[in-house]
Amino acid sequence: MENRLAAYKGCLLGLAIGDAMGYTVDHKTLDQIRHDYGPNGLLGYDLANGYADTTSYTQIAAFVCNGLLLGMTRGQLRGVMAPYVRYIALAEQEWARLQGYRKDPSAVNYCWVGGAEGFQARRCMDTLMLDTLNRNDLGTMEEQRNRYQGPGALTSAIPVGLFFDPQRMGREEVQRLGAEAVALTHGNPGAFLTGAALAHIISRIAWDGETDLRGLIRETVNMLQNQFGRAYKQTAEVCQSLRMVLALSISPNMSQTEAMEQLDCSSAPKVLAGALYSCILHPKSVDEAVITAVNHSGYSAAVGAIAGAIQGALLGDEGMPEFYLECLEVRDTLQELATDMFQGCPMTKDSNLFDMEWDGKYVSVQG
């Protein structure tokens with residue numbers, strides 16, 4: 001139990017660490033990174049006013065946690081609820097309003113994280129995602145609203161993986177929900193199938209304590225083929241990116257920097273591949289894994305965030321270096337969300353138990 005809670009906290013904190021480090025060099029080529037930071041690239045935070053700034057990758061994950069817990073709470077207290085993806089959509093559209101993009105004067109706020117320190121910053125890494133969130137009819141796996149294939153919504157699948165509980169939903173439901181969360185804003189099947197893969201990986205690490213990443217990658221390939229292969233030809237693309245990780249991780253003649261450039265972290269499947277490669281190379285160190293994850297010419301913040309989340313789930317919050325955590329403005333909020341995700345709603349419809357703190361976060365409308 002304690003190890004699982006540590007995995008939940010480590011996952012969200014690691015996500016923020018990788019996001020904050022990668023944000024500094026996002027959209028830069030490897031040559032530009034080396035020009036700015038030396039031949040070894042970026043080796044730690046490049047702090048702004050003493051804080052490590054996080055972006056929409058961390059914000060989206062936090063809001064999705066909030067949305068999932070809102071849905072769980074309504075289901076337990078009312079006995080009925082909408083599908084979980086509806087609560088994810090509600091939370092993400094609330095986030096879009098806080099970014100100043102989605103205009104809805106009549107809207108109410110349901111997510112307490114929107115008022116927490118560090119979550120009002122306008123640092124969206126995917127403006128195309130905001131365009132979609134400004135619509136009332138978001139995408140589904142079957143009815144895609146666009147063909148976006150970037151990683152902008154990929155971190156929404158991380159809370160879905162943490163949300164797994166065999167008494168709540170089965171593996172296939174979690175994997176589909178991971179895909180549905182990404183499909184709300186990113187209609188390319190390669191993007192949302194990567195969400196299914198990431199949700200599966202996080203759930204296996206956090207719930208089952210799985211630590212063999214190479215074996216987990218092979219398992220994920222089989223899962224994708226069995227669950228989604230017939231319906232989506234892009235399954236092959238995602239599986240190929242995952243297989244490439246296995247090949248490069250045992251290549252004796254290629255440096256890790258060359259391998260990251262070859263992985264070409266320019267789409268959702270390739271971002272996940274880059275994150276997994278970084279974690280396989282440095283299984284015992286969040287620091288080294290995230291440094292590898294951000295020093296390349298692709299989506300540095302996205303790869304860093306996902307590598308940090310995976311490594312954090314593997315090593316737990318006690319494996320997070322304090323010199324990274326002390327600069328994170330969002331640290332306390334993420335730890336609180338992780339604890340809530342781990343514990344779940346303490347109240348039920350027919351119980352006399354009343355939790356005032358939980359009610360204030362997940363029952364009462366914030367205004």
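A residue counts as buried when its relative accessible area is under 20%. Cys327 has a relative accessible area of 10%, so Cys327 is buried. Please keep in mind that this is a predicted model.

**Cysteines**
- Cys279 is buried as well, because its relative accessible area is 1%.
- The cysteine sulfur closest to that of Cys279 belongs to Cys11 and lies 10 Å away, which is too far for a bond.
- A disulfide needs two cysteine sulfur atoms within 2.5 Å, and by this rule the count is 0 disulfides.

**Helices H8 and H10**
- Two packed helices are described by the angle between their axes and the distance between the axes.
- For H8 (residues 189–208) and H10 (residues 235–249), the angle is about 55 degrees and the axes are 8 Å apart.
- The two helices are therefore oblique to each other.
- The crossing of H8 past H10 is right-handed.
- On the H8 side, Gly190, Leu193 and Thr194 make the contact, while H10 contributes Thr235, Glu237 and Val238.
- Sorted by type, the residues of this contact are 2 nonpolar, 3 polar and 1 charged.

**Tyr277**
- You will find Tyr277 in helix H12, which covers residues 268–281.
- Tyr277 is buried, because its relative accessibility is 2%.
- Setting aside neighbours within four places in sequence, Tyr277 touches Val245, Leu248, Ser249, Ser255, Gln256, Ala259, Met260 and Leu263.
- Pro321 is 44 residues from Tyr277 along the chain, and the C-alpha atoms of the two are 21 Å apart.

Definitions and conventions: Residues are numbered from 1 along each chain as its sequence is written. This is a predicted model: local features need pLDDT of at least 70, side-chain atom pairs count only at pLDDT 80 or more; totals for chains, interfaces and linings use all residues. Side-chain values use heavy atoms; hydrogens and water are left out. Axes are lines fitted to C-alpha atoms, for helices over the stretch in contact, and angles run from 0 to 180 degrees between N-to-C directions. Helices (H or I, at least four residues) and strands (E, at least two) are DSSP runs, numbered from the N terminus. Angles under 35 degrees count as roughly parallel, over 145 as roughly antiparallel, 65 to 115 as roughly perpendicular and the rest as oblique. A crossing is left-handed if the near helix is turned anticlockwise from the far one by less than a right angle, and right-handed if clockwise. Contact means heavy atoms within 4.5 Å. Ala, Val, Leu, Ile, Met, Phe, Trp, Tyr, Cys and Pro count as nonpolar, Asp, Glu, Lys and Arg as charged, and the others, Gly among them, as polar. Buried means under 20% relative accessible area, exposed over 50%, partly exposed in between (1.4 Å probe, protein chains only).
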